[in-house]
Amino acid sequence: MNPIQGLHHLTVMASDPQKNVDFFTQVLGQRMVKVTVNFDDPGTYHLYYGDETGAPGTIMTYFPWPNAVKGRRGNGEIVAAAYAAPVASQDYWKARLQGFNIPFTEETRFGSPAVKFEDPDGLWIEIIFEEGADVPSFWPNSPVPREYALNGFHSVTGWVAQTAQTESLLTGPLGFTKVGSEQDAEGTRTRYRGQSDGVGLYIDLVERPGKPHGQFSAGSVHHVALRTVDDAEQLEYRQLLTKHGYQVTTVQDRQYFHSIYFRERSGILFEVATDAPGFPADESVDELGKHLKLPAWYESKRAAIEARVKPIVNHEYGVTIGGTSQSSAQGSAASLSDGLRVNGPHQGQPVMTTGRALDEARAAVILVHGRGGSAEDILNLSQQFNLSAFAYVAPQAQGDTWYPESFLAPLERNEPGLSSGLQMIDDIVNTLGEQGILPENIVLGGFSQGACLTLEYVARNSRRYGGVFAFSGGLIGPEGTPRDYAGDLDGTPIFIGCSDVDSHIPLKRVEDSADILAGHGAKVDKRIYPQMGHTINEDEILAVQKMLQEVSARSV
């Protein structure tokens with residue numbers, strides 16, 4: 001197995017897709033080599049920029065969420081992308097940026113001059129002026145002359161609380177070499193080099209102990225991808241990273257490369273991507289970026305996708321891609337069957353959100369925390385699911401507890417908290433319906449006490465949901481509680497995962513709950529994990545991630 005060669009691509013969030021296109025093609029002179037969609041969120045573009053063919057080490061990619069607010073830089077993320085350019089091009093680039101009224105600062109980075117500026121959403125873009133590898137394939141139609149053209153990536157910069165834990169990943173299983181350190185305005189900057197002579201060789205880490213984490217939105221880096229040769233080597237890296245304790249996804253088919261993902265301990269999301277098959281796999285080099293390209297599994301939805309994404313102009317061809325957004329959502333979600341509102345301890349408690357803004361989302365996940373947990377804690381599941389189509393919504397229980405006693409206690413002993421919690425979930429479902437997100441595009445889930453509350457809610461309010469998941473939970477009430485729930489779950493996929501020795505959730509209650517929900521029309525996936533304890537494992541995360549991917553695809 002070869003050490004990692006260097007950078008493959010960088011994926012960033014944007015807001016206005018046309019401003020993004022104009023900046024990279026008209027200002028930086030990069031080719032838009034591919035227009036497709038986020039495979040996990042097909043109502044969102046995935047725009048790729050690079051050299052003539054989109055060679056690894058030149059590829060900047062963006063997911064544009066129209067009207068997204070700007071993110072906030074912080075620890076645990078990549079905050080800057082640097083391109084390399086010839087030393088003799090320094091005056092040209094400063095004049096070019098001034099001509100486009102783009103403010104910039106000048107710096108020196110490990111002895112090389114550099115300029116720093118922002119993309120339209122605030123991501124720091126840098127140009128490092130030093131001699132190195134030429135761009136793999138210069139784009140002859142670039143508005144930037146060949147002698148001044150960007151030569152692909154030079155480096156990325158990550159902010160971390162402690163360099164050591166990320167360094168152990170880079171210089172250990174990934175095979176980077178430590179180059180050296182210097183002082184940065186934010187702290188100590190340390191550089192690491194990939195093992196090749198091509199472009200995109202460096203990762204810089206800046207240590208900022210005690211500083212806050214970033215807030216992800218427009219202008220934020222979603223992940224940084226590293227190069228590996230082929231599928232066989234990628235699988236070797238998956239095994240090695242798993243052996244080192246990282247939770248690595250299964251291989252994802254991204255049409256133009258294959259990917260695995262893992263989050264390192266400082267919070268940065270890494271991808272390991274193959275060089276092949278490359279962007280000319282489904283259109284000729286002469287027409288790269290001219291058409292909206294979709295994978296085969298989305299071709300049947302082409303009309304809906306083209307109608308939803310905003311129109312963009314590719315200046316290379318003078319063509320417009322995409323159309324006017326059209327919403328098919330009608331009506332709103334139904335409320336509790338008796339129509340009577342409950343006012344209890346949880347009404348008026350905060351509801352936290354992350355991911356898509358409600359007025360921009362097509363689908364949503366309601367996350368319900370467990371006893372002693374919080375809305376903020378369970379929202380961290382959104383990072384593990386790593387799917388951008390969704391608004392993630394998490395209600396907060398008063399006193400961090402939805403009901404006072406065991407979920408197996410008589411129902412009246414858990415009142416008024418139980419009914420108040422069910423009402424809070426119903427209020428969120430109704431609010432989502434008012435935003436055009438109907439139950440079939442809503443996934444509800446929780447952990448422990450939150451999983452029990454979630455299952456009880458969907459049982460009492462049976463209809464077709466996008467999906468339901470319960471990490472260590474079961475239906476609420478003692479043995480003999482009537483389960484003559486009204487309505488039909490109509491094929492709703494429900495995932496229930498639990499240990500066979502969970503001290504809080506008896507195995508029999510898990511099995512009975514699965515049978516009862518299946519009897520009310522749900523498609524139940526029950527998984528019992530031997531000797532696991534009261535926790536969430538990787539298999540459960542992957543199962544729910546697959547559920548969410550299916551909801552995202554249907555929601556277009």
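Guide: A polar contact here is a pair of N or O atoms within 3.5 Å. Keep in mind that this is a predicted model.

Visitor: Okay. Which backbone nitrogen does the side chain of D51 reach at 2.7 Å?
Guide: That of G54. The backbone nitrogen of A55 also lies 2.9 Å from a polar atom of the D51 side chain.

Visitor: Where is D51 placed?
Guide: In the loop between β3 (41–50) and β4 (59–64).

Visitor: What is the nearest side chain of opposite charge to D51?
Guide: R31, 7.8 Å away. D51 is buried, yet has no salt bridge.

Visitor: How many salt bridges does the structure hold?
Guide: 31. One of them joins R362 and D41, at 2.9 Å from N to O. R362 sits in the loop between β19 and β20 (363–368) and D41 in strand β3, so the pair ties together parts 321 residues apart in sequence.

Visitor: Is D41 buried or exposed?
Guide: Buried, at 0% relative accessibility. R362 counts as buried too, at 7%.

Visitor: And K94 with D91, what is the N to O distance there?
Guide: 4.0 Å, in a salt bridge. Both residues lie in helix α2 (residues 90–99), about one turn apart. K94 counts as buried at 17% relative accessibility, while D91 is exposed at 58%.

Visitor: How does the lining split by class?
Guide: 16 nonpolar, 18 polar and 7 charged residues. Elements that each supply at least two lining residues include β5 (77–85) and α7 (381–385).

Note on methods
Residues are numbered from 1 along each chain as its sequence is written. This is a predicted model: local features need pLDDT of at least 70, side-chain atom pairs count only at pLDDT 80 or more; totals for chains, interfaces and linings use all residues. Side-chain values use heavy atoms; hydrogens and water are left out. Helices (H or I, at least four residues) and strands (E, at least two) are DSSP runs, numbered from the N terminus. Ala, Val, Leu, Ile, Met, Phe, Trp, Tyr, Cys and Pro count as nonpolar, Asp, Glu, Lys and Arg as charged, and the others, Gly among them, as polar. Buried means under 20% relative accessible area, exposed over 50%, partly exposed in between (1.4 Å probe, protein chains only). Lys and Arg count as positive and Asp and Glu as negative; His and the chain ends are not counted. A polar contact is a pair of N or O atoms within 3.5 Å; within protein, one must be able to donate a hydrogen and the other to accept it, and residues adjacent in sequence count only if both atoms are side-chain atoms.
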